[in-house]
Amino acid sequence: MSAGDSALQFDSVARHYGDLRAVDEVSIAIPHGQFVALVGASGSGKSTLLKTANRLTIPDTGRVLIDGEDAASLPVSALRRRIGYVFQGIGLFPHMNVAENIAIGPRLAGERLSEARIAELLGLVELDPTMAARMPDALSGGQRQRVGVARALAGEPRLLLMDEPFGALDPITRDALGDRVRALHDDLGLTTIMVTHDMAEALLLADRVLVMDQGRIVADETPLALLEGAGGEIAQGLVAVPREQARRLAALPGSGPA
Amino acid sequence: MSGFWDTLFGLGDKLAAHVLLAASAIALGIAIALPLAVWASRSRAVARLALGFASLVQTIPALALLALFFPILLSLRAVFGDDLPTLGFLPALLALTLYALLPILRNAVTAQTNLDPEVLEAADGVGMSAWQRLRLVEAPLAAPFIMAGIRTAAVWTIGAATLSTTIGQPSLGDPIFAGLQTQNWVLVLAGCFASAALALTADLLLGLIERGFALRKRALWLGGMIAVLLGGGAAGLAQYAPWRGNADDRIVIGAKSFSEQYILSRLIGQRLEDAGYRVEYRDGLGSAVVHRAVTTGAIDISVDYTGTLWANELKREDNPGREAMYEAIVEWKERTSDARIFGRLGFENAYAFAMRSDRARALGVSSLTDLSGVAGRLTVGGDPEFFERPEWIAVRDIYGMRFAETRNFSPTFMYDALQSGEADVISAYTSDGRIAADRLTVLEDPEEALPSYDALIVLSPKASRDERLRAALEPLLGAIDVAEMRAANYAVDRTEDKRTPEQAATELADAIGL
């Protein structure tokens with residue numbers, strides 16, 4: 001696969017913090033339209049790797065290519081404006097209402113979003129258009145992250161980076177929003193990289209699962225292959241957790257086909 | 001109470017000067033503190049250094065900080081030339097600006113460090129440049145905290161600005177200092193009232209702006225800002241309006257902070273006004289400041305005393321006698337500067353020892369020699385600095401004076417201590433009105449241990465070249481004897497039927513036949 005075919009390509013990317021190799025010579029290519037889950041334990045380097053894509057982290061060595069272009073060669077604010085970014089902390093601007101939060105990216109580029117476009121973006125994340133005038137502190141956690149997703153999509157990015165996007169949400173909200181994001185990925189033709197430590201979430205949403213450990217990618221498989229036992233010891237250790245949970249749930253009295 | 005209101009409404013000029021000074025200092029403080037805070041938010045070292053410096057400044061008493069700028073600016077004349085003002089607005093502005101820095105800086109830095117890191121990550125993530133992040137996110141979120149700092153700075157600065165009187169900048173401190181000295185409580189009260197009202201008003205308006213920022217209500221903060229600007233603008237207009245005339249043809253007369261100085265500066269001023277000069281007074285100047293001010297031309301005329309100049313400026317500790325000391329000072333001034341000693345007024349305001357007449361008679365004391373014989377049974381009172389001064393050391397050593405007890409009193413209460421018997425003998429000033437009023441006995445000094453303190457007029461280089469001015473002041477030389485000066489001082493100092501320094505100066509002029 002040549003660089004031109006990839007939406008995102010990491011080319012020998014490394015990032016050290018003192019002696020710690022947070023990202024250790026990672027090379028991986030992600031084709032257009034793929035939904036990739038980047039899975040690993042805390043401290044495995046998955047967030048650091050993700051953030052080299054929009055240069056919130058600057059790699060020590062190696063290159064990151066976006067649509068074949070070296071990310072380091074682009075003005076950093078322009079680069080970030082064309083990449084959607086959603087993270088666990090959400091980071092809605094507390095002094096701006098929902099509409100202003102959503103419209104901030106285009107506003108930085110000198111563009112005003114119409115009310116209709118705001119309503120459309122709110123619709124994409126299944127929020128009522130009347131939310132537009134609310135302040136962030138008047139929203140629930142799930143609503144806030146929905147606004148966060150709408151903000152990430154406002155600039156019509158083709159690449160969406162998500163760093164533990166649903167980590168702080170309750171399970172029901174988390175499930176619904178995960179499905180919604182997957183549907184948006186398909187409808188809008190996005191390329192999506194989602195960092196998560198939850199293998200079940202990765203298996204259910206992603207086309208491809210990358211497993212990281214100590215700064216390296218130790219497995220690169222489809223969910224199906226992982227379920228069939230591929231990917232090696234570390235990957236299988238992560239897969240074993242939801243599998244065991246599912247088994248125990250199935251074994252509970254009253255569950256399963258009667 | 002009508003006197004209070006009249007006095008208060010007569011303070012318009014001082015109020016305008018005060019507002020202008022405080023507002024300039026706060027504005028300059030903001031202009032320095034905000035960029036510094038932004039820089040500090042990007043560098044820990046800068047944050048520590050800036051906050052450390054601002055806290056250090058805060059530990060310097062405001063009075064000392066103001067006084068410090070006189071020598072600093074004086075030495076800066078080597079760089080900026082002799083037109084650099086060393087007294088008045090500039091040093092007051094600089095000192096108060098330093099004073100205003102801390103609360104603004106501390107609140108701005110705290111606000112920045114307390115910004116939610118996730119909000120900042122989001123700002124970067126959506127593609128804000130550093131400037132956009134500052135303008136769109138950091139500044140609006142920090143604004144209410146910064147405004148709170150500015151409020152604190154405003155209240156401090158307005159209060160501290162009253163002290164700028166001591167370095168020759170007109171302010172609401174003028175009535176406070178003058179009133180404290182002459183025990184004119186109406187004047188003190190009016191000054192304090194005006195200053196407090198100003199501080200409360202500023203606090204209220206800045207509070208509106210703060211609330212406007214916090215609640216994100218544009219009408220509130222914009223209205224508050226407009227009111228603040230209008231107030232500052234009105235003060236500026238009152239100070240620098242075209243009809244106020246050119247400052248250059250005004251004669252500035254300085255006075256230290258005691259009644260005699262106020263009276264004599266008015267006496268001189270009244271004569272100059274009669275001669276067609278426009279006169280301005282700089283009251284309450286520090287004793288060390290006033291002589292340098294007249295030498296450098298920051299003020300035009302001052303009244304000083306031979307003993308003061310002898311010890312403080314010539315750094316001499318010997319006592320050559322009254323005439324020789326005066327001649328030496330005149331010669332020294334001509335040799336070292338373009339300023340001149342114009343002449344002596346005729347009386348001395350020297351240190352002396354005074355006793356109640358009945359007590360002196362009973363103990364058989366009329367001179368310091370007599371006193372040394374009975375001192376072992378007596379208590380001596382002096383102002384707080386007296387027992388450190390060379391005058392006391394000379395008297396103690398020459399007469400072998402050993403008192404049973406020494407006590408410190410503020411000058412005002414020394415005489416009361418003498419009346420109540422808490423002190424048997426006090427250090428007094430020979431021209432003090434209370435000597436005559438309390439019929440005290442001033443003890444002779446046969447050994448001339450106490451140096452003379454001849455009152456003299458000092459003219460700045462500019463004033464000393466002005467023949468018309470010299471002619472107008474000529475009649476004052478040798479014209480005031482100590483009894484007349486005592487009477488004038490007492491008229492201002494007494495509690496009943498008080499005179500203002502202006503009235504006392506007019507009466508003094510009548511008494512000496514001018």
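Visitor: How many residues of chain A are in contact with chain B, and with how many of its residues?

Guide: In this predicted model, 21 residues of chain A touch 17 residues of chain B. Contact here means heavy atoms within 4.5 Å.

Visitor: What makes up the area buried between chain A and chain B?

Guide: About 1600 Å² is buried between the two chains, and carbon and sulfur atoms give 67% of that. On the chain A side, A:Phe93, A:His95 and A:Leu108 supply 35% of the area buried against chain B, more than any other three residues.

Visitor: Why is the meeting of A:Lys51 and B:Glu121 called a salt bridge?

Guide: The cut-off is 4 Å between a side-chain nitrogen of Lys or Arg and a carboxyl oxygen of Asp or Glu. The side chains of A:Lys51 and B:Glu121 come to 3.5 Å, N to O, so the pair qualifies. The count between the chains is one salt bridge, alongside five residue pairs in polar contact, both residues at pLDDT 80 or more.

Visitor: Which elements of chain A give two or more residues to the side that touches chain B?

Guide: They are helix H2 (76-81), strand S6 (83-87) and helix H4 (104-108). H4(A) brings the largest share, four residues. By class, that side of chain A has 11 nonpolar, five polar and five charged residues.

Visitor: And chain B itself: what share of its residues is buried?

Guide: Of the 514 residues in chain B, 51% are buried, meaning under 20% relative accessible area. Chain B has 23 helices and 10 strands, and its C-alpha trace spans about 95 × 55 × 50 Å along the principal axes.

How values were computed:
Residues numbered from 1 in each chain as written. Chains lettered and ligands numbered in written order. Predicted model: local features only at pLDDT ≥ 70, side-chain atom pairs only at ≥ 80, totals over all residues. Heavy atoms only, no water. Buried area = accessible area lost by both parts, 1.4 Å probe. Polar contact = N/O pair within 3.5 Å; in protein donor to acceptor, adjacent residues only side chain to side chain. Nonpolar A, V, L, I, M, F, W, Y, C, P; charged D, E, K, R; others polar. Buried < 20%, exposed > 50% of the residue type's maximum accessible area, 1.4 Å probe, protein only.
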